[in-house]
Amino acid sequence: MKIIINEMKKIFSLKMVCLLLLGSAIIYEIFISFEIDYFPNGRPVLDEYNIGTQMIYDYGHGMDEREFEDFKNIYEEKLKEVDQFLSSNQDFNEVGVYSYKDYKEVQERSFFEETNHAFEEVKWDYLGRDEGTIFWELQTIPNMIELYEERNNVDLIGLEGQKYEKRINEIIEHNENQSILPYMVFNNYNNIIKYFGACIVIGIAFMLTPLFLRDRKDKVEYLQYSSEHGRVLYKSKLIAGLISALIIATVELVICFMLYRSNNTSMFFGSNINSAFNTSFWFNLTFLQYIILTVVSIYIISIITAFISMFVSGKVHSYITGIGVQVPTLFILCGLTEGVLLNYMFSMSMPKYLVFAIYVVLIIITVAIMVGAIKKERIADVAN
């Protein structure tokens with residue numbers, strides 16, 4: 001155990017930790033910070049979030065037909081409210097707007113025909129005020145009503161085979177698509193977790209590449225090969241590297257969810273991801289269950305990355321060469337992480353078991369490489 005701790009101390013040297021923090025901070029600023037600092041991003045996205053939050057409060061995590069009728073009545077009440085507001089508002093009356101119908105007609109003409117500068121000035125003035133929030137809501141609610149009404153009419157174009165139709169029928173039968181989970185909430189989490197996953201992959205590769213490289217550079221491996229106990233050190237180093245990779249992943253995930261907490265989306269955790277306002281997935285999962293699966297996936301990816309990096313570390317003779325050799329592998333791993341393994345996992349836009357198949361292939365390749373490396377280490381010649 002002492003050997004493992006000593007190896008971990010080498011991995012987490014002050015210099016390497018500082019460089020890891022710097023690199024992670026750069027990746028965060030470039031790819032992730034926007035999703036944290038600007039969520040919800042502008043109007044009417046903010047209104048979609050607020051309406052979704054209110055729906056959770058009013059109806060729970062799902063909205064049945066009776067509750068949907070109530071939601072439509074709320075929309076009608078808002079129409080009456082804005083009609084009353086516009087009918088007596090001098091600013092809008094001066095540009096020919098006395099009702100919401102007038103508002104829509106003038107806005108449409110201004111957009112598609114000749115710009116009505118007087119109307120646009122008044123409109124944007126009120127849209128920037130608190131009393132203009134209702135205009136944003138009336139822009140958002142009809143879209144949500146339409147999505148809910150069309151939730152059972154899934155376009156199967158491009159989805160070949162009966163298995164797609166069977167899954168869609170299951171979603172409808174079990175009312176999974178009555179769930180309240182706005183697309184922008186789900187998409188925001190996916191954008192955050194996939195880039196954190198890529199950041200973890202790069203960080204682990206950076207930290208573990210010197211693990212065996214130091215011994216080769218300092219000729220220490222000759223002493224190790226000359227004794228039976230010395231050859232066992234290879235396994236101890238592997239364990240130290242694996243534990244270090246899990247520590248890196250855990251710390252970054254803790255930071256990730258501490259930052260994500262500020263987005264205040266916990267009210268949607270109990271909602272089914274197969275929402276009328278989201279997209280369709282192969283499995284019946286709540287948003288929280290989906291989050292847990294992405295965390296488990298990151299740990300699997302971290303272990304795979306750790307073993308690949310340690311294998312490369314045992315073969316190269318310089319750090320630059322080690323990083324250079326890993327670039328294609330990291331490119332593939334980061335691409336898979338960002339594009340498939342952590343981005344809309346189990347979406348029906350992909351084959352049902354594609355994610356599982358990729359993980360199985362990666363695990364088999366990694367295990368085969370490491371078993372071969374361990375066997376070779378046992379019989380390696382000092383002269384080599």
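Axes are lines fitted to C-alpha atoms, for helices over the stretch in contact, and angles run from 0 to 180 degrees between N-to-C directions. The views show a predicted model, in which local features need pLDDT of at least 70 and side-chain atom pairs count only at pLDDT 80 or more, while totals for chains, interfaces and linings use all residues. Residues are numbered from 1 along each chain as its sequence is written, and side-chain values use heavy atoms, with hydrogens and water left out.

**View 1. The protein chain as a whole, as background to the close-ups.** The protein chain has 16 helices and zero strands, where helices (H or I, at least four residues) and strands (E, at least two) are DSSP runs numbered from the N terminus. Of the 384 residues in the protein chain, 47% are buried; buried means under 20% relative accessible area, exposed over 50% and partly exposed in between, with a 1.4 Å probe and protein chains only. When contacts (heavy atoms within 4.5 Å) between residues at least 6 apart in sequence are considered, 78% of them join residues at least 24 apart.

**View 2. Helix α3 packed against helix α4.** Helix α3 (residues 45-59) and helix α4 (residues 65-87) pack at an angle of about 135°, and their axes are 12 Å apart. The two helices are therefore oblique to each other, since angles under 35 degrees count as roughly parallel, over 145 as roughly antiparallel, 65 to 115 as roughly perpendicular and the rest as oblique. The crossing of α3 past α4 is right-handed; a crossing is right-handed if the near helix is turned clockwise from the far one by less than a right angle, and left-handed if anticlockwise. On the α3 side Ile 51, Met 55 and Tyr 59 take part, and they meet Glu 67, Asp 70, Phe 71 and Ile 74 of α4. Sorted by class, this contact of α3 with α4 has five nonpolar, no polar and two charged residues, with Ala, Val, Leu, Ile, Met, Phe, Trp, Tyr, Cys and Pro counted as nonpolar, Asp, Glu, Lys and Arg as charged, and the others, Gly among them, as polar.

**View 3. Helix α3 packed against helix α10.** Here α3 and α10 (residues 183-208) pack at an angle of about 110°, with 9 Å between their axes, and they are therefore roughly perpendicular to each other. Val 45, Glu 48 and Tyr 49 of α3 make the contact with Tyr 183, Met 184 and Val 185 of α10. By class, five nonpolar, no polar and one charged residues form this contact of α3 with α10.

**View 4. The loop between α2 and α3, with Pro 40 and Pro 44.**

**View 5. The largest nonpolar core, with the surroundings of Phe 92.** A nonpolar core is a set of buried Ala, Val, Leu, Ile, Met, Phe, Trp, Tyr and Cys residues joined through side-chain atoms within 4.5 Å. The largest one holds 97 residues, and Met 55, Met 63, Phe 71, Phe 92, Tyr 103, Phe 135 and Phe 287 touch the most other members. Helix α10 gives the most to this core, with 15 residues. Not counting residues up to four places away in sequence, Phe 92 touches Phe 85, Leu 86, Val 97, Tyr 103, Phe 119, Val 122, Lys 123, Tyr 126 and Phe 135. Another core, of five residues, lies apart from the largest one and includes Tyr 164, Ile 168, Ile 171 and Met 348.

**View 6. Ser 297 and Ile 304 in helix α14.** Ser 297 lies in helix α14 (residues 287-313) and counts as buried, at 5% relative accessibility. With neighbours within four places in sequence left aside, Ser 297 is in contact with Leu 341, Leu 342, Met 345 and Tyr 359. Ile 304 is found in α14 and is buried, with a relative accessible area of 4%. With its neighbours within four places set aside, Ile 304 is in contact with Leu 333, Leu 362, Ile 363 and Thr 366. Between Ile 304 and Val 201, which are 103 residues apart in sequence, the C-alpha to C-alpha distance is 9.2 Å.

**View 7. Positive phi at Asn 175 and Tyr 344.** Asn 175, in the loop between α9 (162-173) and α10, has a phi near 55°, a positive value in a residue other than glycine. Asn 175 is partly exposed, with a relative accessible area of 41%. For Tyr 344, placed in the loop between α15 (319-341) and α16 (354-379), phi is near 55°, and this residue counts as buried at 14% relative accessibility.
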